[in-house]
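Please examine the sequence and the coordinates before reading on.

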Amino acid sequence: MNKRIENGLILICTVSLVATLGSLYFSQVRGYEPCTLCWYQRILMYPLVLISGIALFQKNAQIALTTAIFATIGGSISLYHYGIQKLSFLGESAPSCGAVSCTGQYINYLGFITIPFLALIAFTIILITSLFIVKWQKESK
């Protein structure tokens, strides 16, 4: 495994760990109860810490396709969730999400940074890095 691929795996592991710790901070320290869509995003983010950590330890870049799939699905959910928070026509037609409304915004930094936006950024970084790792693997063969 070359250094670029190894650095890519480190980036995926770090971003997924920061996102996981951030979501736990919001729920466990700040007391923000996650909505249903937040739970789906967590379900797709949390395993990435273990998957990428094990892949890094084993120096197994083959995991990049798996991380790309997780990131694509998680990013799609995050984008939809962010859309129902920020776009009135989506928010008005959004289904009921459970005990906590999915349109609610616990944080709104600078008028656009919400929790689903942060998750979307993390999933996007993971997806782009995963795609680069796949490309780098093909180049090294």
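**Cysteines and helix packing**

Reader: Is Cys38 buried or exposed?

Author: This is a predicted model, in which local features need pLDDT of at least 70, side-chain atom pairs count only at pLDDT 80 or more, and totals for chains, interfaces and linings use all residues. Residues are numbered from 1 along each chain as its sequence is written, and side-chain values use heavy atoms, with hydrogens and water left out. Buried means under 20% relative accessible area, exposed over 50% and partly exposed in between, with a 1.4 Å probe and protein chains only. The relative accessibility of Cys38 is 16%, so Cys38 counts as buried.

Reader: How many disulfides does a search of the whole structure find?

Author: A disulfide is a pair of cysteine sulfur atoms within 2.5 Å. The cysteine sulfur closest to that of Cys38 belongs to Cys35 and lies 3.6 Å away, which is too far for a bond. For the whole structure, the number of disulfides found is zero.

Reader: What is the relative orientation of H2 and H3?

Author: Helices are DSSP runs of H or I with at least four residues, numbered from the N terminus. The axes, lines fitted to C-alpha atoms over the stretch in contact, with angles from 0 to 180 degrees between N-to-C directions, cross at roughly 155° for H2 (residues 36–58) and H3 (residues 64–86). Angles over 145 degrees count as roughly antiparallel, under 35 as roughly parallel, 65 to 115 as roughly perpendicular and the rest as oblique. Therefore H2 and H3 are roughly antiparallel.

Methods. Helix = DSSP H or I, 4+ residues; strand = E, 2+ residues; numbered from the N terminus.
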